[in-house]
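These notebook entries record what I looked up in the structure shown below.

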Amino acid sequence: MATYRELLAQVKREIDEVGAAEARARVGEALFVDVRERDEWEEGVVPGAVHIPRGNLESRIEGLVPDRSREIVLYCSGGSRSAFAAKALQELGYENISSLTGGFTDWKRNGFPIETPRSLSPDQRRRYSRHLLIPEVGEVGQERLLGGRVLLIGAGGLGSPASLYLAAAGVGTLGIVDADVVDDSNLQRQIVHSTETLGEAKVLSAKRTIEALNPDVEVKAYEERLTSENVERIFGEGWDVIVDGADNFPTRYLVNDASIWHGIPVVHGSIYRFEGQVTVFNPGEGPCYRCLFPTPPPPELAPSCAEGGVLGVLPGIVGSLQANEALKLVLGIGESLQGRLLLLDALGTTIDEVSVQRDPACPVCGEHPTITEYVDYVEFCQGVRG
Amino acid sequence: MTKVRIPPTLRNEVGGERELIGEGETVREVLEDLSGRYPALEAQLFEAGGLAPFVNVYVGGEDVRTLEGLETRVNGSSMILLPAMAGGC
């Protein structure tokens with residue numbers, strides 16, 4: 001029977017080891033996996049490393065690294081636990097595994113860069129446990145959400161579910177722009193408000209509901225209509241994503257132009273009766289709202305929900321799809337709806353998709369922009385058929 | 001024979017139908033066929049002999065503005081008419 005020391009020596013002969021200097025050159029290329037315990041991880045890590053405690057390594061690695069040819073550098077504090085970990089990953093078929101000799105202790109002794117991970121509180125670990133279990137989110141992703149900033153245009157039908165799901169997910173800062181007060185005709189669909197908040201400013205009603213749902217979330221309430229005059233101040237506060245649930249065309253075009261000039265992606269949603277449209281406009285990467293709809297329709301072709309009605313659950317579906325896109329953009333995962341417009345028909349329960357392409361002649365995001373400052377958006381949207 | 005999806009904002013013009021069947025080889029012919037049967041539709045689809053700029057037309061999921069415009073051949077694909085909708089309400 002082998003002693004621990006003999007077993008370790010034998011394992012080390014069967015795996016590849018890498019020294020601190022050599023490993024440092026692999027930062028940014030190889031995936032660093034920290035196999036230490038949580039308390040050790042919290043005190044400092046190799047920049048960009050992911051944390052899988054040794055005890056969970058075999059069960060979690062496939063979810064995190066499906067590609068078995070990916071280069072992985074494992075480390076612990078001194079190089080022993082990571083040696084056993086390397087052996088285990090070899091047995092799972094991983095082909096490009098090495099263990100950091102001397103571990104994190106030697107890394108620090110060399111004066112190589114370290115970072116201190118922001119760590120979730122025990123309460124947060126319970127609250128977000130279902131996110132932490134998803135490899136694509138995990139603790140790093142949850143931290144990203146908590147540091148995330150999403151601006152919602154409108155606290156109405158689309159803003160209600162979108163803000164609630166973003167808040168529940170732990171997006172740390174939600175800005176909400178809306179000048180309206182809660183009306184009883186809103187409550188058939190605007191689930192962030194309630195009978196108790198009738199007559200209250202929508203942004204304050206939403207703020208109360210959201211902060212009651214999740215105290216991790218700070219709501220910045222802008223009780224005003226988005227205009228050419230205030231858009232710079234509001235967008236200039238720095239947002240990762242804008243969720244556009246406005247109820248009129250002038251605001252849609254204003255949000256578009258401002259988002260391009262600020263370089264902020266917009267998750268667009270719109271609804272009418274049983275039908276919804278959802279897409280993502282990512283400045284510089286994909287098409288914008290003007291590429292999709294260069295000219296607003298005349299009023300008779302663009303009735304609002306107030307004129308034509310809307311099925312109460314429809315904004316729930318479309319707003320939730322917007323929240324999904326916004327979360328993916330903040331997390332930097334998955335495929336966004338950039339370049340694709342989803343068309344939802346709640347009556348037939350069908351979803352169609354059409355492609356949206358960047359227009360090289362677009363007056364705002366095209367090759368030779370002709371609109372380079374804010375225009376009178378109300379006039380622009382009225383001026384359609386002369 | 002081309003299936004054409006009619007958006008809610010144009011259904012009054014076509015007697016409430018959600019989908020129509022149009023005849024023709026090109027987008028223009030199909031839309032003219034529909035406009036012939038539902039004259040109110042014409043003013044909402046055409047402007048100065050071209051496609052009205054506020055209506056998007058998709059053939060097989062592609063915007064005809066990125067194809068051959070009204071001369072795009074339909075080739076058995078279905079068509080979608082799509083005006084912008086503002087509502088987030």
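**Entry 1: cavities.** I searched the whole structure and found four cavities of 30 Å³ or more. A cavity is a set of points on a 1 Å grid over the protein atoms alone where a 1.4 Å probe fits but cannot get out. Grid points are joined across faces, edges and corners, and a volume is the space filled by probe spheres set on the points. The largest cavity has a volume of about 110 Å³. I counted 15 residues in its lining, of which A:Glu275, B:Arg5, B:Pro7, B:Pro8 and B:Leu82 lie nearest the centre; a lining residue has an atom within 4 Å of a point. The elements that give two or more residues to this lining are β11 (275-281) and β12 (340-345) of chain A and β7 of chain B. With four residues, β7(B) gives the most.

**Entry 2: basis of the values.** I note that this is a predicted model, in which local features need pLDDT of at least 70, side-chain atom pairs count only at pLDDT 80 or more, and totals for chains, interfaces and linings use all residues. Residues are numbered from 1 along each chain as its sequence is written, chains are lettered from A and ligands numbered from 1 in the order in which they are written, and side-chain values use heavy atoms, with hydrogens and water left out.

**Entry 3: the sheet of chain B.** I followed β7(B) into an open sheet of five strands with mixed pairing, in the order β2-β1-β7-β5-β6. Helices (H or I, at least four residues) and strands (E, at least two) are DSSP runs, numbered from the N terminus, and two strands pair if DSSP finds at least two bridges between them. In chain B, β2 (19-22) and β6 (62-63) each have a single partner strand and stand at the edges, so one side of each is left without a neighbour in the sheet. Five bridges join β5 (residues 55-59) and β7 (residues 79-83) of chain B in the antiparallel sense. Which residue in β7(B) is the bridge partner of B:Val59? I found B:Met79. Helix α1 (residues 27-37) of chain B packs on the sheet and touches β1 (2-5), β2, β5 and β7 of chain B; contact means heavy atoms within 4.5 Å.

**Entry 4: chain A and a covered strand.** For chain A I listed 17 helices and 13 strands. Of its 386 residues, 52% count as buried; buried means under 20% relative accessible area, exposed over 50%, and partly exposed in between (1.4 Å probe, protein chains only). I then looked at β4 (residues 72-75) of chain A, where A:Ile72 and A:Leu74 on one side and A:Val73 and A:Tyr75 on the other are all buried. Strand β2 (residues 31-34) of chain A runs parallel to β4(A), joined by four bridges, and A:Leu31 has A:Ile72 as its bridge partner. Strand β5 (residues 97-100) of chain A also pairs with β4(A) in the parallel sense, over three bridges. There, A:Ser99 is the bridge partner of A:Leu74.

**Entry 5: positive phi.** I noted A:Arg273, a residue other than glycine with phi near 55°. A:Arg273 lies in the loop between β10 (266-272) and β11 of chain A and is partly exposed at 36% relative accessible area. B:Ala48, likewise not a glycine, has a positive phi of about 50°. B:Ala48 sits in the loop between β3 (46-47) and β4 (50-51) of chain B and counts as exposed at 87% relative accessibility.

Key:
Axes fitted to C-alpha atoms, helices over the stretch in contact; angles between N-to-C directions. 1 Å grid on protein atoms, 1.4 Å probe; cavity = no way out; pocket = protein on both sides within 12 Å on 5 of 7 lines; lining within 4 Å.
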